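User: Hi! Could you walk me through this one while I look at it?
Analyst: Happy to. Ask away.

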Amino acid sequence: MPPPKDVVKIAIQMVGAIPQLIELQQTKPLASVLKDVCDAWSLPNAERYALQYADGRQTYITESNRRDIKNGTILRLTTSPDQEAERLYIGIQSKNVDVKTDSLKKLASLSQDVTFAQEFISRNGLKQIYSIVEEGNDAGEMLAHTLKAFTELMEHDFVSWENLSTVFIKKIVSYVNMNAVDASIQQLSLSILENMVPTSRLLFEVVRKEVTLDRLLTHLQATNAQLQLKAMALLIALLLSATDAERRDMMDYLREKNIRQFIHKNIIHSSEPLGDEMAHYLYVLQSVSLNLCEHRMKMSMDPYSQEQRDLLQSLRQTAFESESEVSAGPFSTERRRSLCAKEFRKLGFMNNSNPAEDLHRAPPGLLALDNMVYFSRNTPNAYSRFVLENSSREDKHECPFARSSIQLTLILCEILHIGEPCSETAQAFYPMFFGQDHFFEELFCICIQLVNKTWKEMRATQEDFDKVMQVVREQITRTLSLKPTSLELFKTRVNALNYSEILKLRQTERLHQEETLAVPVLELREKLKPELLELIRQQRLLHLCEGTLFRKISSRRRQDKLWYCRLSPNHKVLHYGDVEEGVQSPPIESLPEKIPVVDMKMLLVGKECPHTKSSGKQNKDVLELAFSIVHDMEEYCLNFIAPTRYEFCLWTDGLNVLLGKEMTSERTQTDLDVLLSMELKLRLLDLENISIPDDPPPIPKPPSNLNFCYDFSNAEQ
């Protein structure tokens, strides 16, 4: 008798027949299993049949995936993939419109299955798909099914996108460029072009030439949210596949068309909630735009470049215009050079005789010079006030404009991740970025004035420069974390967060830390920990019961396909399955796949996960969000890419709880600290403003008149 793990109890259905309940022996060849099932229903030619899941995606059962079958699974006896592929191959060539439409609809559904797709493609089925599209005789529902089937078949990577004919590509492009086309067809066409773009340079150039940015902007302005999303996806694919020069040209054109203002008004502040996919595309658009600064950021100043020297001189001339006019008088060259050096010193350059040396460090390189010039030209009053105000102070108390600008530019580059590659999963963008052209320069203008304001509040000297810049970094970071919707709001909030407020926040954090370091408090913390850790465990399991929407990510592109996973209320089974876009919390009954918790053996994270190894992904953010559940004697894995780091922490903690292990994520420590802090504050409320000694007070000596004890020995006598 085979071991229990090689036998699963399942049900098999067939239309018009009583279901069979069988024990499937996993060691028995699938052909023999099918023969037994067919014999029970007196069906000849068992080779013409196959088993597939009755629910969910209805995947065909093969020798390679049969081990995924669990106890209680319901299968269905159906036509084998090769027979079905042959039937549909003939059906899509039928002259009968109804037969052809039904065949294409069925093809679009079955093409998600890799076994069927392989059979259909091996019959040269894609050639028939090409013909239907290229001939252009079909439209509406029939064309939509054709494009859907094509998309699903290409998803399996059996055929290269580079094999597509020019006629086919131009036909797909025409559906995007035409106005009188059904929205579903335009969505599918945009999706197909999005898939084409990253695969080869040739296809990128074809799509970029045929689909203009103006046309994409037209689709972006559509009221149909899905059409808007697909247009944005294609735009992002084009930007990511372009060279640096092409990307700069595209972004310049989009800026001319006021795409930021449109996104800010009609997408970010739309009445409809912003989906995860659109949030990701907005993050990428922001990242691509900010990374245009990378070239200048990494370029040191060339002292022999006349253009760069002119920019440097313009800073001096704008600040000391009247003095420069006087210097144009009959002074010697030596005197003029001395005057220039003095003015550059007043501007805050460390090397006033050769200020280009200050801009030799890269990063921030020439980006710092660009910011200073932008500030001087666009806010000349604020610039002059900054420079002249500090020129009138004592030397040690003046805030050096140039030195501050160079350091501030570096700080902003680090905070905004300029020069870093785009994340494949991130969705964090700044709404105010889309509300303002020249965002980086305008942000600099606000922050450089903040530097001067903070410098005065701290009564800083030259020795305090690093301390001031640390405070400014903290002011900027804390304000950005509030996600202000406009630069004006950012300016208001960052100026309100003055040095006194920063000191209060730091003092509060320090006092909290000191309170929690007292010996009696530490002992109380240790006593409270087990109870609070149990509370965190319950919260993690509750989160797993609510479930999370995960996104499938391939090596080629960010996928549209979603799947949902949740824990059963009794904490005994993990249920999962594919879901459609827009489904928020599917009922547990609609998730066909399941893994018993008792079969879970191990949790893998990051580089240990098989899907990060097999796909060759080395993107840092993907590695940080990847985790896998090993089940069934370490033979199979369920692979995850968490949507956020927060979800990653909650899921890995929850799975560790189910496995009987310690919760190891950084979120556990954060939550524990918060709960301990709250609990300690409540318990120590009566001791407010009373200092807690490190050691308990000494026990006093007994009093000298302690003689009131009754003597029983005398009473007995």
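User: Where is Asn258 found?
Analyst: Asn258 sits in the loop between helix 12 (244-256) and helix 13 (259-268). One thing to keep in mind as we go: this is a predicted model.

User: Got it. What is phi of Asn258 near?
Analyst: Its phi is near 60 degrees, which is a positive value in a residue other than glycine. For context, most residues other than glycine have a negative phi. Asn258 is partly exposed, with a relative accessible area of 40%.

User: And the neighbour, Lys257, which residue does it form a salt bridge with?
Analyst: That would be Asp214, with the closest N and O atoms 3.8 Å apart. Asp214 lies in helix 10 (residues 213-220) and Lys257 in the loop between helix 12 and helix 13, so the pair ties together parts that are 43 residues apart in sequence.

User: How many salt bridges does the count come to?
Analyst: The count is 33 salt bridges. Among them is the one between Lys504 and Glu501, at 3.7 Å from N to O. Those two are 3 residues apart in helix 25 (residues 499-517), so about one helical turn separates them. Lys504 counts as exposed at 52% relative accessibility, whereas Glu501 is partly exposed at 30%.

User: What about Arg537 and Glu534, where do they lie?
Analyst: Both are in helix 26 (residues 519-546), 3 residues apart, or about one turn of the helix. Elsewhere, salt bridges with shared partners join Arg201, Glu205, Arg208 and Glu246 into one network.

User: Switching topic: is Arg566 buried or exposed?
Analyst: Arg566 is buried, yet it has no salt bridge. The nearest side chain of opposite charge is Glu589, 7.2 Å away.

User: Which backbone oxygens lie 3.1 Å and 2.6 Å from a polar atom of its side chain, then?
Analyst: The backbone oxygen of Cys545 lies 3.1 Å from a polar atom of the Arg566 side chain, and the backbone oxygen of Pro586 lies 2.6 Å from one. Arg566 itself is in strand 6 (residues 558-567).

User: Where does His417 lie?
Analyst: In the loop between helix 21 (401-415) and helix 22 (439-457). His417 also has a positive phi, about 60 degrees, although it is not a glycine. At 43% relative accessibility, His417 counts as partly exposed.

User: Last one: which residues does the cis peptide bond with omega about 10 degrees join?
Analyst: Pro363 and Pro364. The peptide bond from Ala362 to Pro363 is cis too, with omega near -5 degrees. Pro363 is in the loop between helix 18 (333-346) and helix 19 (366-378), and Pro364 is in the loop between helix 18 and helix 19 as well.

Technical notes. Residues are numbered from 1 along each chain as its sequence is written. This is a predicted model: local features need pLDDT of at least 70, side-chain atom pairs count only at pLDDT 80 or more; totals for chains, interfaces and linings use all residues. Side-chain values use heavy atoms; hydrogens and water are left out. Helices (H or I, at least four residues) and strands (E, at least two) are DSSP runs, numbered from the N terminus. Buried means under 20% relative accessible area, exposed over 50%, partly exposed in between (1.4 Å probe, protein chains only). Lys and Arg count as positive and Asp and Glu as negative; His and the chain ends are not counted. A salt bridge is a side-chain nitrogen of Lys or Arg within 4 Å of a carboxyl oxygen of Asp or Glu. A polar contact is a pair of N or O atoms within 3.5 Å; within protein, one must be able to donate a hydrogen and the other to accept it, and residues adjacent in sequence count only if both atoms are side-chain atoms.
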